[in-house]
Amino acid sequence: MDVVVASSSIEAGIGCWDLHSGAEQLRYKLCTSPPHGLVCVGQRFLASSQLREPSASGSVQYWSWSKPQVDVKSFPAEQIKPLASNSVGTYIVGGGLSGNIYLWEVASGRLLKKWHAHYRAVSCLVFSDDDSLLISGSEDGGIRVWSLLLIFDDFRRQQQSQLYEHNFREHTLCVTDVVTGYGGGNAIIVSASLDRTCLEYVKRETIERYCFPTIVDAIALDPGEHVFFAGGRDGKIYVAALNAESTSDSKYGLHIIDCFSNHSNAVTCLVYSISGNCLISGSEDGMVRVWDAKSHNIVRVFKHAKGPVNNILVIRQQLSQMNSQSSSRRHGSSLPPPLEKYPIVEDPTDLKAVIGRQATCSNSTEALYLRSDVMNGQIKELQQQGSASAEMEIERLKHDYERSIQTVQQWKKMYDNLHQFCVNELLDGDHVGIPNGNAA
């Protein structure tokens, strides 16, 4: 079942509807989210940052699928605006008003990394499709691409002059939205801004600028990456061609090939659903509209609230998830602990992460990359139980721990060998390219 989840900047909760039948599933209470502040973590629960006065401290709230009430509240060091989670629900990333980015481990709630990313507040965050990159936009107009491998590699970080992989500065005003296609580091990135432009990037280059007759607050990519949709403050949704020739005689502007609208107010958020090939929009009138992407006709309308809808997610729920929801209603919720406010100072000799998934992991929020302290905590818990089965489990965990450390060491050695090989290849290539001065 595909469900549409929407939130608002006013106290209207989070609405949830079946995309195909239109039936409302549940309304989650007490949510006033900023744009890009709502995320589904590992398809297991919802998380949202909360709007507060600039001088107030921030908060992030969790809702399980089965309960309308808030289950977990966290209070970060500052007010968080955008949130993002990687596809398996290992990490939650938040962007602060100060321009800092915070990265938490979901399973433990630990603040793993914090870094100063922008000069002004972070306005949007998105992971690449392979979860290897994090892309951030800011109120200062900048867009930066961060490699998680570099973020977690303290040794390489100290050697780098800057932490980001790419830095784009073409926007002159606040970045309102960022989307990325398929292909990891080779994927296209499209951004929107208050300066009435959208920009298309590939790798290190800005390859196209799209100008619109209005401010664009939301964008969505066609799955085939032939076009993108831009939601404007004039209530229209523009269709712009990617990597295509277009003449200045276009009715809507250069590269803008079509436009459709039945909005009475500004379009505030967009998402494309492959299921049913439909585009879903939210607007300031509190309505969520489902459009047929080909005919541009409205298929269904959901009423969220009186105020603006500023976040929309489309989530596919499996039958096993629905059964687990019923179980959690009977036995209570088992969501992860709150996000920590400050990082804990660790022993520098401690292993930062353990690679591999335990056979006993049964849900998506138990990380693919388990920290050593999480594993040590499991060992201590089992030691307190004192049973024969617990002792066997302890021995298994210790064996897994040692094997994981060996794996990390092997990977580091492979990385060093590969790095040396690439350097040698480059040097050999340079020598081959140098002409012989004695040649005629």
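So, to start: is Arg27 buried, partly exposed or exposed? Arg27 is partly exposed, at a relative accessible area of 26%. By that I mean the middle class: buried is under 20% relative accessible area, exposed is over 50%, and partly exposed lies in between, with a 1.4 Å probe and protein chains only.

Before I go on, a word on the model. It's a predicted one, so local features need pLDDT of at least 70 and side-chain atom pairs count only at pLDDT 80 or more, while totals for chains, interfaces and linings use all residues. Residues are numbered from 1 along each chain as its sequence is written, and side-chain values use heavy atoms, with hydrogens and water left out.

Okay, the overall picture. The protein has five helices and 30 strands; these are DSSP runs numbered from the N terminus, H or I with at least four residues for helices, E with at least two for strands. Of the 440 residues, 51% are buried. If you take contacts (heavy atoms within 4.5 Å) with a separation of 6 or more, 48% of them are between residues 24 or more positions apart. The protein exposes about 21200 Å², and carbon and sulfur atoms supply 52% of that; the areas come from the Shrake-Rupley method with a 1.4 Å probe, and for residues only the protein chains shown count as cover.

Now, salt bridges. I'm counting a side-chain nitrogen of Lys or Arg within 4 Å of a carboxyl oxygen of Asp or Glu, and a search of the whole structure turns up nine. Back to Arg27: its side chain meets that of Glu24 at 3.2 Å, N to O, and Glu24 is partly exposed too, at 41%.

Next one: Asp154 and Lys113, 2.9 Å from N to O. That pair links distant parts of the chain, with Asp154 in helix α2 (residues 154-159) and Lys113 in strand β11 (residues 111-116), 41 residues apart. Asp154 is partly exposed at 30%, whereas Lys113 is buried at 14%. There's also a network, where salt bridges that share partners join Lys81, Arg120 and Glu139.

Strand β11 brings me to a sheet. It's an open one, four strands in the order β8-β9-β10-β11, with antiparallel pairing. The edges are β8 (80-85) and β11, each pairing on one side only. From one strand to the next, the twist averages 20°; that uses axes fitted to C-alpha atoms, for helices over the stretch in contact, with angles from 0 to 180 degrees between N-to-C directions. Two strands pair here if DSSP finds at least two bridges between them. Inside the sheet, β9 (residues 91-96) and β10 (residues 100-105) are joined by five bridges, and Tyr91 has Glu105 as its bridge partner in β10.

Last stop. Asp2 and Arg316 form a salt bridge at 2.9 Å, N to O. They sit 314 residues apart, Asp2 in strand β1 (residues 2-8) and Arg316 in strand β28 (residues 309-316). Asp2 is buried, at 5%, but Arg316 is partly exposed, at 41%.

And what is Ser275 in contact with, leaving aside its neighbours within four places in sequence? The answer is Asp2, Leu19, His20 and Arg316. Ser275 is in the loop between β24 (267-273) and β25 (278-283), and it counts as buried because its relative accessibility is 18%. Its side chain also makes a polar contact with the side chain of His20, at 3.1 Å. For that term, take a pair of N or O atoms within 3.5 Å; within protein, one must be able to donate a hydrogen and the other to accept it, and residues adjacent in sequence count only if both atoms are side-chain atoms.
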